[in-house]
Amino acid sequence: MKKSSYSLIFVSLSMLTMLAVAALNYLIDPLMYYHAPWTVINVSNDHRHGNPGLARQLDYRIALLGTSHIMELESARLGEIMGEPSLNLPINAGLIREQVELAKLVLRQGKAHTILWEMNFPSFSAGDQVGTGADEFPSYLYKPTVETPFRYLLSFDTLLQSRKALQNPGSVTLDNRNQQPVREYSQERVLRAWDFYMQSWTPALRRIWIEYQKKVESPELLLETQLLPLFRQYPEVEFKLFLPPSSVMFFLLHESMGNQDFAHLLAFRNALARISEQTTNAQVYDFQADFDTIMNLDLFRDLEHYNEDVLENMFVQMRQGANRVDRARMEENTRQLKMQVHAYGKMFCGSQPQSCPDTLLDRLGLPSAASSGKQQ
Amino acid sequence: MLFNSHVFIFLFLPLVLGGYYGLRRLPVYDRLPLLWLLLMSVFFYGWWETRYLLLLAISSGLNFAVGRLIFRADRKRLWLVCGIAFNLILLAYFKYAGFIMENLDSLFGQNWTVGDITLPLAISFFTFQQIAWLVDISRSQAGVPTFYNYALFVSFFPQLIAGPIVHHAEMMPQFERRPDQQRLLSNINIGLTLFTLGLFKKVVLADQFALYSTPVFEAAARGELLTLLEAWSGTMSYTLQLYFDFSGYSDMAVGLARMLGIILPLNFFSPYKAVNIRQFWQRWHITLSRFLRDYLYIPLGGNRGSAAGVSFNILLTMLIGGLWHGAAWTFVAWGGLHGLYLLLHRFYEHCKGDGYIANAVGRFAGVLLTFVAVMLAWVLFRAESFAAAVLIYKSLFGFSGLAFPEGLFTGMPAVALMLREAGITVVNLTHLQGLPELAWLTAGCVICFFAPNAYEFLASQQPALIPAQLSLRQSRICWRDNAAWAVVFALLFSWSALAMNRLSEFLYFQF
């Protein structure tokens with residue numbers, strides 16, 4: 001055999017194999033990256049991979065960004081509330097840098113005049129990082145580069161998704177992709193979640209967390225460096241930023257960590273209002289100062305996830321302009337929140353938040369949470 | 001740019017090869033192909049961080065100047081000391097400043113810090129290469145090449161980032177030699193084959209083992225105590241991951257260079273088949289061991305002198321070898337542990353006498369003991385802190401109890417029931433993934449212990465420069481540049497390329 005035949009066979013056969021895979025992936029395009037679907041819409045329930053295609057191919061005037069807190073709201077329902085075609089693009093456990101990348105992609109499409117953006121404090125805890133490992137963030141789908149077609153089309157992962165799309169066309173839709181298996185909301189579930197967190201949050205883990213927080217950019221800095229430039233770059237787009245109503249136990253957990261987490265959270269709230277005043281197209285809505293909601297543990301399924309009524313009500317209120325805050329109002333709300341959490345915490349932790357018990361399930365049936373907090 | 005990235009494989013590499021072989025055909029300046037390689041190597045390095053191109057330029061420029069001075073001057077020793085000091089200061093600043101200050105600070109409590117210093121890629125590798133060159137000039141064992149050749153020797157992209165640590169005596173003659181037109185296609189074929197083997201090891205094997213090892217070491221870093229099986233499977237996975245990752249990288253480097261007609265030195269030779277720890281170090285990261293032996297251990301006195309002196313030389317060499325891998329005490333401890341292993345082995349050799357030849361059982365025991373010892377040492381190498389390493393050691397030695405993963409008994413509920421009734425815990429272990437993990441671990445071990453390595457497989461083709469202490473024997477299954485192997489390797493390459501969606505860095509990049 002001629003020596004050139006080896007290289008020739010090697011190159012041509014490998015190219016043929018890869019081209020066949022790429023062509024198949026392109027035709028099916030399971031993430032709708034290159035084209036709208038020819039038959040039914042296949043939606044990936046992996047948000048990090050699925051959102052870019054949705055943002056590129058679907059029509060919408062309002063885009064909703066955020067984390068698992070907004071996941072359960074169907075895009076169609078959001079559209080009904082807001083009165084315009086809307087698209088919900090949540091990222092489960094999404095970090096702020098990931099959300100910013102998604103926002104940039106949405107804005108580049110030029111379809112949305114309004115961005116509704118959930119400002120979830122824990123999203124800011126990883127600084128400027130994006131997800132890795134199992135939650136790896138596919139940056140190549142967000143910022144098209146020369147690598148994008150290679151990584152998307154020349155990929156076993158995409159091939160598997162293509163197969164899934166062929167086998168079960170339309171099985172995952174915009175309406176069902178985020179449905180949660182658990183739809184039970186109760187004080188018991190919240191206290192159970194508290195116990196879980198407190199018991200998993202070992203001293204070693206706390207130390208690592210504190211060290212990590214020293215290394216990453218602060219939430220306030222991220223607001224300035226990641227969000228503000230985006231608001232300024234797209235003056236024609238309205239950014240409605242909202243603080244979701246986590247349960248009071250969520251705030252208490254942050255306070256009980258004893259590492260200034262709660263102080264940082266409060267500072268973050270104020271910084272958000274401050275930043276929004278530096279541009280004309282950003283508004284802030286504060287639902288964390290809705291004490292009737294945050295102290296009613298029966299509205300939550302864990303420390304921070306509320307039920308669909310609370311979720312929908314936020315957008316109803318935003319549309320009406322309710323709960324919109326300026327800098328002064330935010331500072332007052334923050335002061336109130338701090339007071340309420342302290343007062344509520346006394347029921348469990350006495351005067352020392354750090355001495356909160358690891359298990360609270362035995363306190364099930366404690367007096368109406370909302371009223372006990374307010375009585376202090 | 002990673003070797004296992006699409007940009008490298010589908011854009012950069014064809015461009016380099018096209019330019020190199022295209023320029024060779026031009027009847028003009030015959031250095032053009034090498035200049036092209038130099039240009040592309042600089043581009044390759046600058047792809048990560050342009051500002052460190054300046055560092056690479058300063059380092060190679062100054063070393064070249066000092067080398068010329070050593071070559072010409074009478075006071076060779078003075079210039080040599082200056083040259084080595086420059087290299088070590090550079091390395092100390094970029095790699096160890098934070099570590100040194102952290103330790104000084106913990107001693108004196110003065111809040112000393114040095115700020116964030118990004119570790120320039122490959123600094124450990126190109127520093128060692130240049131020190132070796134300076135030392136050899138001072139010993140009159142090396143000459144001064146042209147600056148182009150020297151710059152290419154330092155920055156040659158196949159080996160720049162993570163080795164092999166090449167020696168000037170191996171590279172310069174190859175750069176100076178006129179390319180052998182007769183072997184062009186043969187070189188391409190061998191290079192493609194080696195590159196494919198390396199890519200497969202990295203993308204398909206190493207990255208798979210990473211899925212099993214990473215959660216275990218991360219859990220230990222969080223302070224979680226692991227069960228016995230989790231700890232063993234995690235440590236075993238890391239042992240295989242590191243081998244496939246680094247040897248895969250080395251195979252790719254050797255393959256890439258070969259496509260350009262350059263033969264690089266062997267860096268791995270089935271290290272887990274070693275029957276003792278000395279043999280392990282003759283087979284693992286061979287070019288680093290060679291550097292440490294020739295430029296540290298032997299100048300310290302090597303095997304000459306008293307037993308205490310030799311022991312000191314071994315320990316110091318291994319401690320420095322450990323520190324070379326990273327600025328952390330865990331690496332130093334890892335090196336120290338290997339030093340102790342080597343001392344124990346010397347003591348054993350001394351006791352058993354010269355005439356002893358191990359039989360098959362003895363050899364099997366030797367391989368097993370060496371493998372387990374190396375595996376236990378990798379815990380220190382991988383763990384993020386001593387605390388995490390101690391947690392893993394506790395689990396490895398059964399201080400956290402035995403529990404079997406439920407996944408292991410999928411489809412065999414009766415076995416699980418029987419074990420439970422015997423008082424053995426069968427639970428859903430978070431960091432152990434049952435049968436698939438067991439299957440991968442078995443496959444990994446079979447490859448490591450029984451399969452011929454890439455160089456035995458290609459033995460008839462002189463795939464790499466083989467050190468004297470190793471003899472390269474042709475394996476029973478051997479490669480030929482025929483159609484059947486072309487199909488096999490084309491499919492292996494396609495498999496690897498399609499699995500490259502998630503780009504992962506090579507473990508040795510951080511060193």
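Reader: How many disulfides are found over all chains?
Author: This is a predicted model, in which local features need pLDDT of at least 70 and side-chain atom pairs count only at pLDDT 80 or more, while totals for chains, interfaces and linings use all residues. Side-chain values use heavy atoms, without hydrogens and water, residues are numbered from 1 along each chain as its sequence is written, and chains are lettered from A and ligands numbered from 1 in the order in which they are written. A disulfide is a pair of cysteine sulfur atoms within 2.5 Å. By that criterion, the number of disulfides found in a search of the whole structure is 0.

Reader: Which cysteine sulfur is closest to that of B:C445, and at what distance?
Author: B:C445 is buried, at 15% relative accessibility; buried means under 20% relative accessible area, exposed over 50% and partly exposed in between, with a 1.4 Å probe and protein chains only. Its sulfur is too far from the closest cysteine sulfur for a bond. That closest sulfur belongs to B:C448, at 6.5 Å.

Reader: In what order do the strands of the open sheet in chain A run?
Author: Strands (E, at least two residues) and helices (H or I, at least four) are DSSP runs, numbered from the N terminus. Two strands pair if DSSP finds at least two bridges between them. β2 (86-90) and β6 of chain A each have a single partner strand, so they stand at the edges, with one side of each left without a neighbour in the sheet. The pairing is mixed, and the order of the 6 strands is β2-β1-β3-β4-β5-β6.

Reader: Which residue of β2(A) is the bridge partner of A:G66?
Author: Strand β1 of chain A, residues 62-66, pairs with β2(A) in the parallel sense over 5 bridges. In β2(A), the partner of A:G66 is A:P90.

Reader: How many of the 5 residues of β2(A) are buried?
Author: In a regular strand the side chains alternate between the two faces of the sheet. On one side of β2(A), A:S86, A:N88 and A:P90 are buried, and on the other A:L87 and A:L89 are buried. The strand is largely enclosed by the rest of the structure, because the buried count is 5 of 5.

Reader: Which residue of β6(A) stands opposite A:Y285?
Author: Strand β5 of chain A, residues 282-286, has 5 of its 5 residues buried, so it is largely enclosed by the rest of the structure. With β4 (residues 238-243) of chain A, β5(A) pairs in the parallel sense over 5 bridges, and A:F239 has A:A282 as its bridge partner. With β6(A), β5(A) pairs in the antiparallel sense over 2 bridges. There, the residue opposite A:Y285 is A:R324.

Reader: Where is A:N323 placed, given its positive phi near 65°?
Author: Most residues other than glycine have a negative phi. A:N323 has a positive value near 65° and is partly exposed, at 27% relative accessibility. Its place is the loop between α14 (308-320) and β6 (324-325) of chain A.

Reader: Is B:S140 buried or exposed?
Author: B:S140 is not a glycine, yet has a positive phi of about 60°. It is placed in the loop between α5 (123-138) and α6 (147-155) of chain B. At a relative accessible area of 58%, B:S140 is exposed.

Reader: Which element gives the most residues to the lining of the second largest pocket?
Author: On a 1 Å grid over the protein atoms alone, a pocket is an open set of points with protein on both sides within 12 Å along at least five of seven lines, and lining residues have an atom within 4 Å of a point. The lining has 30 residues, with B:K273, B:Q279, B:R283, B:R363 and B:R473 nearest the centre. Elements giving two or more residues are α11 (277-283), α15 (360-382) and α18 (434-450) of chain B. The one giving the most, with 5 residues, is α15(B).

Reader: What is the arrangement of the rings of B:F99 and B:W329?
Author: Rings of Phe, Tyr and Trp (its six-membered ring) pair if their centres lie within 6.5 Å, with planes under 30 degrees apart counted as stacked, over 60 as edge-to-face and the rest as tilted; the structure holds 70 such pairs over all chains. For B:F99 and B:W329 the centres are 5.3 Å apart and the planes are at 55°, so the pair is tilted.

Conventions
On a 1 Å grid over the protein atoms alone, a cavity is a set of points where a 1.4 Å probe fits but cannot get out, and a pocket is an open set with protein on both sides within 12 Å along at least five of seven lines; lining residues have an atom within 4 Å of a point.
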